[in-house]
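Hello,

Here is the structure for you to look at. My notes on it follow below.

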Amino acid sequence: MVSNEHKFRELILYIAKLSEADRRCGRTKLNKLLFYSDFRAYDVLGESISGQTYHKRDFGPTPRALMPVVRQLEKERACVWVEGTWHGKPMKKLLALREPRLAVFRPEEIDLVRRVVEELWELDAKEISDKSHRFAGWQAAAPKEEIPYNMVFVDDVRPLSAEEEDWAMTIVEGFREKRALAGKARA
């Protein structure tokens, strides 16, 4: 069994490798590609690929462990950030220095990630951030709060009815209560 951290490391490298020719793919877009891959997997496959926790940030959902994991990958010389620009604005792009170890993934996970990258290829950081801000889970979460995976089942294409909004908030409140109880149990 492959650990979630190991899968997350390889997922970062896989998305970096798939996005190598995408001049719009900097740190913000990488965050969103990870988010969409994990949440789409939860929707389609019944579980996320990496098991990562995503939090609400100003520019959209972000995996909490991204930067510590990337720093470790950099130390191992598996990847490197390169400075660039997009439309005159500075951008950091992650380049994989080794091939991702795809054996840690199921074939349907590999295909799903490839499709997510292809579907979002034409979007730049602002566009993909704006798209992620329409996700009901991001909208319902407080700043820096974890976004529950099951919010993927809330439709973000159209405005929610009052009944649907109440149902979504019930999920969020239940999630918050569960997290609070878990925190008390650890204390």
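K56 is buried, yet it has no salt bridge. This is a predicted model, so please read everything here as computed. The nearest side chain of opposite charge is E145, and it is 7.7 Å away. A salt bridge needs the side-chain nitrogen within 4 Å of a carboxyl oxygen.

Where does K56 sit? It is found in strand 1, residues 54-57.

What does the side chain of K56 reach? It reaches the backbone oxygen of W138, at 3.2 Å.

Leave aside the neighbours of K56 within four places in sequence. K56 is then in contact with W138, Q139, A141, A142, P143, K144, E145 and I147. E145 is thus on the contact list, although there is no salt bridge for K56.

R27 lies over the face of W81, at 5.2 Å from the ring centre.

Now the aromatic rings. How many aromatic pairs does the structure hold? Eleven. One of them is F35 with F135. Their ring centres are 5.3 Å apart and their planes are at 65 degrees, so the pair is edge-to-face. The cut-off for that label is over 60 degrees. This pair links distant parts of the chain. F35 is in helix 2 (residues 27-45). F135 is in the loop between helix 5 (125-133) and helix 6 (136-140). The two are 100 residues apart.

Are these two residues buried or exposed? F35 is buried, with a relative accessible area of 1%. F135 is buried too, at 6%.

F135 also pairs with F39. Here the centres are 5.6 Å apart and the planes are at 75 degrees, so this pair is edge-to-face. F39 lies in helix 2 and F135 in the loop between helix 5 and helix 6, so the pair ties together parts that are 96 residues apart in sequence. F39 is buried, with a relative accessible area of 2%.

Ring pairs link F35, Y36, F39, Y42, Y54, F135, Y149 and F153 into a cluster.

Best wishes

Conventions
Residues are numbered from 1 along each chain as its sequence is written. This is a predicted model: local features need pLDDT of at least 70, side-chain atom pairs count only at pLDDT 80 or more; totals for chains, interfaces and linings use all residues. Side-chain values use heavy atoms; hydrogens and water are left out. Helices (H or I, at least four residues) and strands (E, at least two) are DSSP runs, numbered from the N terminus. Buried means under 20% relative accessible area, exposed over 50%, partly exposed in between (1.4 Å probe, protein chains only). Lys and Arg count as positive and Asp and Glu as negative; His and the chain ends are not counted. A polar contact is a pair of N or O atoms within 3.5 Å; within protein, one must be able to donate a hydrogen and the other to accept it, and residues adjacent in sequence count only if both atoms are side-chain atoms. Contact means heavy atoms within 4.5 Å. Rings of Phe, Tyr and Trp (its six-membered ring) pair if their centres lie within 6.5 Å; planes under 30 degrees apart count as stacked, over 60 as edge-to-face and the rest as tilted. A charge sits over a ring if NZ of Lys or CZ of Arg is within 6 Å of the ring centre and within 35 degrees of the ring normal.
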